[in-house]
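Visitor: I'm new to this one. Could you show me how to read it, one feature at a time?

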Amino acid sequence: MDGIIHNNKKPTDALKIKQKYKKQSQLKEIWFRLKKNKTSVLGLIIILIIISLAIASGFIYDYDEDVINQNISERLQSPSLDHPFGTDELGRDILARIIYGSRTSLSIGFTTVVISLISGGILGAISGFYGGRIDNVIMRIMDIFLAIPGTLFAITIVAALGTSTINLMIALSISGVPRFARIVRSSVMTVKDVEFVEAARAIGANNLRIIIQHVIPNSLAPVIVQTTLQVATIILTIAGLSFLGLGVSAPQPEWGAMLSSARAYMREYSYMTLFPGLAIMITILALNLLGDGLRDALDPRLK
Amino acid sequence: MWKYIGKRIVYLIPVVIGVTFMVFLIMNMAPGDPVKSILGEQASPEAIEELREELGLNDNILIQYKNYFLGLIKGDMGISYKSKVGVAEEIGARLPTTAKLSVIAIAIAISLSIPLGIIAAVKQNTWIDSLTMFVALLGVSVPVFWLGLMLLLFFSLKLGWFPVSGAANWKSFILPGIALGFLSMASIARVTRSSMLEVIRQDYIRTARSKGVPYNTIIRKHALKNALIPTITVAGLQIGTLLGGSVLTETVFGLPGIGRLMIQSIQGRDLPMVLGCIIVFTVAFSIVNLIVDIIYAFVDPRIKSQYT
């Protein structure tokens, strides 16, 4: 039916299908290469489990009752059937707090990475595409940002603005910008002079269309890899800053903050320092495994 | 060669000015009146105005920065709001601890990572390779402060081999050095392995093998120098991570270094002290980067040849 009515549009439809098919097959190829790498599939599975736990945490535990509420009569209990990871100094179940902690880390991690990706990406794209003076100004400013180690930069901003989750997110977002700007800039620079961009220009495509349709898809591979690794870096930094008392503040559950309060009880109740640290390590390990696998899958030259 | 080094040193100046200006600007965004925090909320307006004038807080931000920077060159970083001692003196007293910790950490990292990376590459796809890379993967995934806590728990609290806190003697630096160096070791080992793998597949290595050069000699003399170029880059980048990590490590092990001073000053809202610590860290990082660039030029003849 549809075909008969829009008979005159058939070639375009066919073209669309062809394009769609082509895109799919490329994704399929990447997926195929990623699948072959067993360790990165393991990483992906672990991340999916952590994300599902973070989403499902609201159904497993009651936030106010299990995670925040103090229960002094049950304080400092070693791991048991009731409390698989034990309880902390205020009688709260450590497992519940770790699971809720994944919410904190993942949500802050993904949000800040998206913010730095978008702002860094735009800056990098402008810089690489236009070159010349604009490029020079943007990149020199990025150089200055890069001249301060990431953790230290985040500490600086939090020290100036004060300790709060929002300020932490601002600090982490800004510290990620120059890295993305650099990556996007260099991929844009390699892509912008190749023939298909010249061809697009010849048929009258404007800059915006060239950037969206040709430049961005071709710079995607390094950006995806960097995004995965950046989430790992950010989660580590959140934990580190919270450990120092400069990040997520009590009573909100966060792995680094949990370790910080567990420190005082380390001598007698060492299990308190064990589990939150393992949670951080497993999350970061999974993200690193996936990032490494993605790097290999997206760049066939390395194989 | 000297031209290159000279050019790099000249390039350092705008970076240091830019970085210090940015940090200065950010720290000046801090809410609250520093004068009130020194004198207390009940201070008379005259006293507040007098101190504002004395500290130069009435000038515009550019003039304040200019004065700060001129002081910085002379080694004057202002007076602490809390302890009333000079910031530069206090930081100077803490510097040896942080320097010792960083040197030990980077020494552990480099001396272990490069041999491990080479062995893993040479024995690619054997259990040695898998084991090394697994340990390296753990190394880049473990948070430095948690590793520190675990080392402290096991070696200090359970076994009693090392002191729990403080910087009394050389023993106090062993565990912090391992904790801090482990991450860098893992990253450098990973890069050394992959760049070594790339190099030993090159034609000139095959040529060397086919003319009968012993394999050890090939690795040492032909492959290593080229493979180390990316390693140096990563080692340089690691210094930044190391400086950030030293703040956490000093906190865990109670070492009286600059990082700990910085955290204590942040908690006490002692802005000149915080500013001083951050500036020392960033300037140190810039200088280390410069040194890495110069080493790079010595190892990579392509850079040297551009300037001769």
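**Two helices side by side**

Guide: A221(A), I224(A), V225(A), T228(A), L229(A), V231(A), A232(A), I235(A), L236(A) and A239(A) in α11(A) meet I280(A), T283(A), I284(A), L287(A), N288(A), L290(A), G291(A), L294(A), R295(A) and L298(A) in α13(A). Two residues are in contact if their C-beta atoms, placed from the backbone, lie within 7 Å. By class, the residues of this contact are 15 nonpolar, 4 polar and 1 charged. Nonpolar covers Ala, Val, Leu, Ile, Met, Phe, Trp, Tyr, Cys and Pro, charged covers Asp, Glu, Lys and Arg, and the others, Gly among them, are polar.

Before we go on: this is a predicted model, where local features need pLDDT of at least 70 and side-chain atom pairs count only at pLDDT 80 or more, while totals for chains, interfaces and linings use all residues. Residues are numbered from 1 along each chain as its sequence is written, and chains are lettered from A and ligands numbered from 1 in the order in which they are written.

Visitor: At what angle do α11(A) and α13(A) pack?

Guide: Axes are lines fitted to C-alpha atoms, for helices over the stretch in contact, and angles run from 0 to 180 degrees between N-to-C directions. Here α11 (residues 220-243) and α13 (residues 271-298) of chain A pack at about 170°, their axes 8 Å apart. That makes α11(A) roughly antiparallel to α13(A), a label for angles over 145 degrees.

Visitor: Is S265(B) buried or exposed?

Guide: Count the C-beta atoms within 10 Å of the residue's own, all placed from the backbone: 20 or more others means buried, 12 or fewer exposed, and in between partly exposed. S265(B) has 25 others, so this residue is buried. S265(B) sits in helix α11 of chain B. Leaving aside neighbours within four places in sequence, S265(B) is in contact with D270(B), M273(B), V274(B) and C277(B).

Visitor: Where is N125(B) found?

Guide: N125(B) is in the loop between α5 (87-122) and α6 of chain B. With 8 other C-beta atoms within 10 Å, N125(B) is exposed. Its phi is near 65°, a positive value in a residue other than glycine.

Terms used. Helix = DSSP H or I, 4+ residues; strand = E, 2+ residues; numbered from the N terminus. Parallel < 35°, antiparallel > 145°, perpendicular 65-115°, else oblique.
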